[in-house]
Amino acid sequence: MAPHKLQSRGEATALPSMRPARTRPGGERTGTASGAAGMAGKPSALPRAAFRDGMRIAAGVLLAGLLGLQLLALWRAPAMWQAAEILVQPSAQPLVLGRHELAAPHAERRQFALRKDGRQGWMLRNLSSSVPVTLVRREEELRSGSALPGTGTGTGKQMRIGAAVFTISHATDESLSFSGAGHHWQYDGATLSRDGAAQPPCADAGLAARAMGWWNRLMPLALSAARPLSFGGNVHCGNRLGLAGEEAGVALLYRDHGRLRLAAGAEGAHTALLLASGRADSGGNDIRQQEYALDGVDALAVGGTRFHIAVRGDSLVLQPGRKVALHGAPEIQLPPGVEWQWRQRALWAAPQSPALWFGLAIALSALALTRMLGSATLPRLHLAGARQAVARPALHAETEQPWRTILLALAAAALLASGIASIVAQRMGQAPGAAYALLLAGGAFALWLSMPGRLPLAVAAGLTLAATGLLAQLELGLAAGDSSWLRYYLKTAALLATGSGAIQLFRLWAGRRHAAPALFAMRGIECLLALFAALALLALAAQVLWGDETGVFDMQPVELAKLALAALSAHCLALRMGWHSAAGDGAALRLRWLQLIAPVLLFLSLLGLALVQVDDYSPLILLLVWAMGLALAYACAARNRWLAALLLCLAATGAGGIVLLRQAGPEGLAHLPVLRAFYADRFQVWLDPARHPHTGQQMLLGAQAIEEGGWRGSDGWFGLSTLGKAAPGALAIPAVQDDFAPSFFLNRHGLASALALWLVQAALVGGLLLTAWRCHAAGRAARDFRHAWRARFRCFALCGGAAFALGHLLLSWGTNLAIFPIMGQPMSFLSAGGSHLLFFLLPLLALDALSTASFEE
């Protein structure tokens, strides 16, 4: 037998001791020896393996219970019916369809009128001034109540807004020049110029609006951020064109898919809005009352409900999708000329694409085969080598079984493909049933539990929280009165499978010895971090230029930016901690550290600029919590007691300030000019929501839902008797699926269940910090600079991730329990935050698992 190599100090090992037995004076043998003789009188390997997998077993039991509750909710959900097709017959008079006839919950009571013309076919005229109808064609989308001033008669065309008349002198798809109200105006979709000069910013414009105005003036049109031109009011400033006698925002001119579009604003319900040719005999028609031919239109969109259009003989067929009203029975009173074809809500329906079932079947079969072949009872069927197989330690057995890695890689790849296919199917309007999403989520959890090595506490807690969040989102979907609420559950399950499959493939590839050594070298990691930061910056820039506060391209780049920020900061702090052990003089090392920290500072400043653009200060509070948490981790690692004490004093001062502000009330807020200028309306609503019934509705409804829940839930049985049932009161809370998901959980399952949830969340943060502490200890014990840097990098990255997670939990619970003013931050795992799960939480759990596995190598 070859001699065993000695390991460096501070590294743990899972291999059995191979030292020869020693003989004491008197003939008594001590020490350990391989073979059956060395195992005599010792505990068997099976109990030790069971003790070692205690966390895995406990997590498996909790996950099985939570998935079982989801299955029970699906089983108990009542049968619901929805309109599959709406048939409209031609009639002598126009047919008026609204919320009831269209099965569109967010449509108006009288939404639009349909009539059939002998020459042009079916015609549509929108009757609502607040809910537009979007006509979707293959090449473009047309919003009712709007027009393109850059097309048509061109020069001499007139815009009439109330009593004001503007004459167009030059018009293109990208810019518009017109005269009126005593001035000459030019607008390019971003900046409004008056008499050749950009207008000064408005007096009530914030820092973000002023910075965006300067950006649009300096940058070319392709890099400018779209900002609408608002007509109305009595002041010319910024992108506002004042009109005497009209409210601000009666009409809007904005950039839409590269073309300027004129539309009525929220305050322009009773204001005339015309676009005329400019001839004396041309009176023009109000653009909100114009009719649209449905010939060539593929779909209609009304208040979140999308209708596919088809002509069947003389009838017009509307096929509703996305947000469709549900009914307890296939019965409804409809006007003459309108008929529904019903279909039952398909919770257990198989996906339309066989590829979805095929990929999921491969993933589940591979996981089941891995479990069967890896079972400790299976080797007992073979007489030869049975004793050696039982006595082999668990980790050593896993590393000596290449078939296990192959099966796990196959399961991860199949799960990744199934998750992506499910996301694509949902985007195409062919979403699979909720039962398929349940199997997909179960496969993701099984893959995490089947990975080799010890299951860390943070990963076990994170998986439990993910299953709890899926249960809450499924309850929301089953309790709602329309079909759109289930999309949160379907999307979260698909993203969980996609992220889990990709992460486990990376773990299996990174676990191979000598896998891409150049990539994992110091220079390679620095290049990866630089590329990661550049990608995050580009995503943030895309959100600033083409998105809004909800994100861009159906994703939130801020979550990717937070992960990149935590990684870059961890890299710089790890280098800082290694100054004393790295080669080179101190001045050179400090210069390199400053060069590396400069991109982090630039990245942080750009991130702050992007977050200030959002009408919410919670991102700044979240960044503050992260910065203080990371600074405290550095102070502890560097044994800087004064810095740690200062940070703790600052945290205590902040907590005390919140208590004092709460006790001061609205009257005390008037004496604080800083808060009056910093989102004063939110502080006023927080301190006295009853005085603000409209803006304080979210807080009042959330408090009412929590009060109804009590200690044991609204049903008195911790929500078990209401699984799959309706919950109209809690669903009335605005953003209940995001910011106020904890209020729904408290209403449904009670404060006692919330206490258990708090314990699991504390286990998540504590598990991350525990792994970070072990990495710090490994870094201090390492004698090689690269090994020490790797351990310190993991330590600070985990601390930064734990600080972000703690910030999300504190802000979310504080908002729902009225401890803080309302802040739009989702609760990790519980809220329907797909980007937060995919781009931040799952990579954080993967880093914790990789760090724990490094202790066992």
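**Group meeting: cavities, a sheet and model confidence**

Helix α23 supplies the largest share of the lining of the largest cavity, 4 residues. Helices here are DSSP runs of H or I with at least four residues, strands are runs of E with at least two, and both are numbered from the N terminus.

Some ground rules. This is a predicted model, where local features need pLDDT of at least 70, side-chain atom pairs count only at pLDDT 80 or more, and totals for chains, interfaces and linings use all residues. Residues are numbered from 1 along each chain as its sequence is written, and side-chain values use heavy atoms, with hydrogens and water left out.

Back to the cavities. The structure has 4 of them at 30 Å³ or more. A cavity is a set of points, on a 1 Å grid over the protein atoms alone, where a 1.4 Å probe fits but cannot get out; lining residues have an atom within 4 Å of a point. Points are joined across faces, edges and corners, and the volume is the space filled by probe spheres set on them.

The largest cavity has about 100 Å³. Of its 15 lining residues, T492, F829, S831, G833 and L837 are the closest to the centre. Elements giving two or more residues to this lining are α10 (457-479), α11 (486-510) and α23 (834-856). Nonpolar means Ala, Val, Leu, Ile, Met, Phe, Trp, Tyr, Cys and Pro; charged means Asp, Glu, Lys and Arg; the others, Gly among them, are polar.

The second largest cavity holds about 50 Å³. Its lining includes R56, R454, R507, W448 and A849. Here the division is 7 nonpolar, 1 polar and 3 charged.

Now the sheet. It is open, with 4 strands in the order β4-β5-β6-β21 and antiparallel pairing. Two strands pair if DSSP finds at least two bridges between them. At the edges sit β4 (95-97) and β21 (291-293), each pairing on one side only. Strand β6 (residues 121-126) pairs with β21 over 3 bridges. One of the residues to look at is L124, whose bridge partner in β21 is Y292.

Last, confidence. pLDDT is the predictor's confidence in each residue, from 0 to 100. The protein's mean is 81, and 79% of residues reach 70 or more. Which stretches fall low? Residues 1-46 stay under 50, and residues 377-400 are below 50. Where pLDDT is low, the predicted coordinates should not be read in detail.

Key
On a 1 Å grid over the protein atoms alone, a cavity is a set of points where a 1.4 Å probe fits but cannot get out, and a pocket is an open set with protein on both sides within 12 Å along at least five of seven lines; lining residues have an atom within 4 Å of a point. Contact means heavy atoms within 4.5 Å.
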